[in-house]
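Please take a moment with the sequence and the model below before reading on. The paragraphs that follow lead through a few of its sites one by one.

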Amino acid sequence: MPERAAAQPSLYSAESADPPALNGGRCRACGYVFFPPQSYGCESCGAPPQHLEPVTLAGRGTLHSFATVHLHQAKGIEAPFTVGVILLDDGPAIRSILTSRTDEGLRAGDRMISTMVPQGRDDQGREVVELRFQKAASDQG
Amino acid sequence: MTRTLIDLRPVYVVGIGLHRYQRLSDTTYVELGLTAVREALADARIPWSEVQSAYTGTALVGMAASRPMLRHLGATGIPMAQVENASASGSTAFRQACLEVASGICDLALAVGVDKPAPVAMAPGKTNLRDLTGARVVPFTHFALLANDYMNRNHVTAEQIAMVAVKNNRNGANNPYAQRQKAVTLDEVMAGPAISGALTRLQCCPVGEGAAAAIVASDDAIARLGIDRNRAVRVIASVTRTERVYREAKNFDAELTGETVAQAYREAGISARDLDVIELHDAFTIEELLYLEAMGLCAPGEGARMIESGAADIGGQCAVSASGGLLAMGHPIGPTGVGQIAEITRQLRGEAGVRQHPNARIGMAHMVGVGAVCVVHILRHD
Ligand SMILES: [Zn+2]
């Protein structure tokens, strides 16, 4: 089996089942669920790190809003690409790059699922994959 | 027991000055800042030697900005400090100057904002917290996402949002301190280039260099120095808040502004109806609509229609961004919040010339900054 590496290993695992899940966090003191994961302290109630636990957030949600970026000055980032705000079924609202370069066919309220997109290879020859979101097929949502 | 600004001794803006906002040039930050401060001193008709404390709002110039600039007015030995609060750096410097005078610690204080575009280390990037989009979401895309949501929820078109840029550039065309001094048509705004989502270039503020200064004084200083009372504008509220955890999918920028402005209205004893002029954080067109609604100037979802109706024009219900706002006057970061105070003071004095909003008596300045912070001041001319 070819080895894969996650572009952002703190946020998701390259070997996550389909659709890939996200690494979130949860506060045992107040129940607040958050993304990205952190172990500094709870933003909602102030509970210290020992009350925070990792939680897996399913890669499913609803499209809240989206924007196609036409111009980007940073090196290695090729425009256009489309960013979406997705309300995860498991709670948090997140921003993700979408698989479609443009917003054609997207509507607020669309069901979305995560998927891994190959991003080339790292220096150890592993395929680097990035978690993105796409519109769910009608039987996937 | 805590007290609000209006419970302390009165504090007034008595001098304002600016260096035009412009594209990055060879002008040093020292020259930019001194131009604004000298103009403010001349406006107040007082010498530098009377200023007892100075705050410099700056985010990009670097460590220790104040004295290397202000010593050229005469090294009088007064306390000086830099205030960095992202886009609200100048607003926060002004707040510190007001609090120092209102508390009685000094009688006459300066707030000066100065900046030049430069690479800057951003602390949020050092938290080791990552998100899925990384460097691919910059402020214009954050606001493009809010614009998309706004259009979806309120059945508003991209053209209606772009009307904000038409109004603010029309105002900026009459402001000699503005970076963009050219009226534009809706077609010109829409023609692009497209930047992100519905936002085109003219719907994004220019970030250049500049400076702005405001001198605040107590009644004692006004009497002692023979400052013209008719041109003194009282600061009746100074409120700043930071973002809380809001319900998911809510718009935290608007929530934070709504909370901060509500507290400022309470402290000043006014309501949205009482405002004659507003300078707000219109770094992107969509922000003006979101904030007008959060400020209670119109019902939720009615911001675009308020702009279309002319109610936010000079001469309308309330002149919004009469200076041209961040969209036309520009957003050089440190100066921006102090420049808002200068515009409101000019308007309330009745000295705004062709930009004058008739019978302006109460004005509000509003800035937000990355982090997220919000700073609001309410000024009144009695
Ligand atoms: Zn908690």
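Which residues line the largest cavity? They are B:Tyr21, B:Glu279, B:Leu280, B:Ser323, B:Gly325, B:Leu326, B:Met329, B:Gly330, B:Thr336, B:Gly339 and B:Gln340, where a cavity is, on a 1 Å grid over the protein atoms alone, a set of points where a 1.4 Å probe fits but cannot get out, and lining residues have an atom within 4 Å of a point. Two elements of chain B, α11 (325-328) and α12 (336-349), each give two or more residues to this lining, and α12(B) gives the most, with three residues; helices are DSSP runs (H or I) of at least four residues, numbered from the N terminus. The largest cavity holds about 50 Å³ of space, a volume being the space filled by probe spheres set on the grid points.

The model is predicted, and local features need pLDDT of at least 70, side-chain atom pairs count only at pLDDT 80 or more, and totals for chains, interfaces and linings use all residues. Residues are numbered from 1 along each chain as its sequence is written, chains are lettered from A and ligands numbered from 1 in the order in which they are written, and side-chain values use heavy atoms, with hydrogens and water left out.

In chain A, the zinc ion is coordinated by the SG atoms of A:Cys27, A:Cys30, A:Cys42 and A:Cys45, at 2.3 to 2.4 Å, donors being N, O and S atoms within 2.8 Å of the metal (3.2 Å for Na, K and Ca). The angles that these four donor atoms subtend are 106 to 112°, so the arrangement is tetrahedral, a term that requires all angles to lie between 85 and 135 degrees. A:Cys42 is buried at a relative accessible area of 5%, whereas A:Cys45, at 42%, is partly exposed (buried means under 20%, exposed over 50%, and partly exposed in between, with a 1.4 Å probe and protein chains only).

Back in chain B, B:Asp43 belongs to helix α1 (residues 29-44) and is buried, at 15% relative accessibility. Its side chain makes a polar contact with the side chain of B:Arg349 at 3.0 Å, that is, a pair of N or O atoms within 3.5 Å of which, within protein, one must be able to donate a hydrogen and the other to accept it, while residues adjacent in sequence count only if both atoms are side-chain atoms.

Methods: On a 1 Å grid over the protein atoms alone, a cavity is a set of points where a 1.4 Å probe fits but cannot get out, and a pocket is an open set with protein on both sides within 12 Å along at least five of seven lines; lining residues have an atom within 4 Å of a point. Four donors count as tetrahedral if all angles lie between 85 and 135 degrees; four count as square planar and six as octahedral if opposite donors are over 155 degrees apart and all others between 65 and 115; anything else is irregular.
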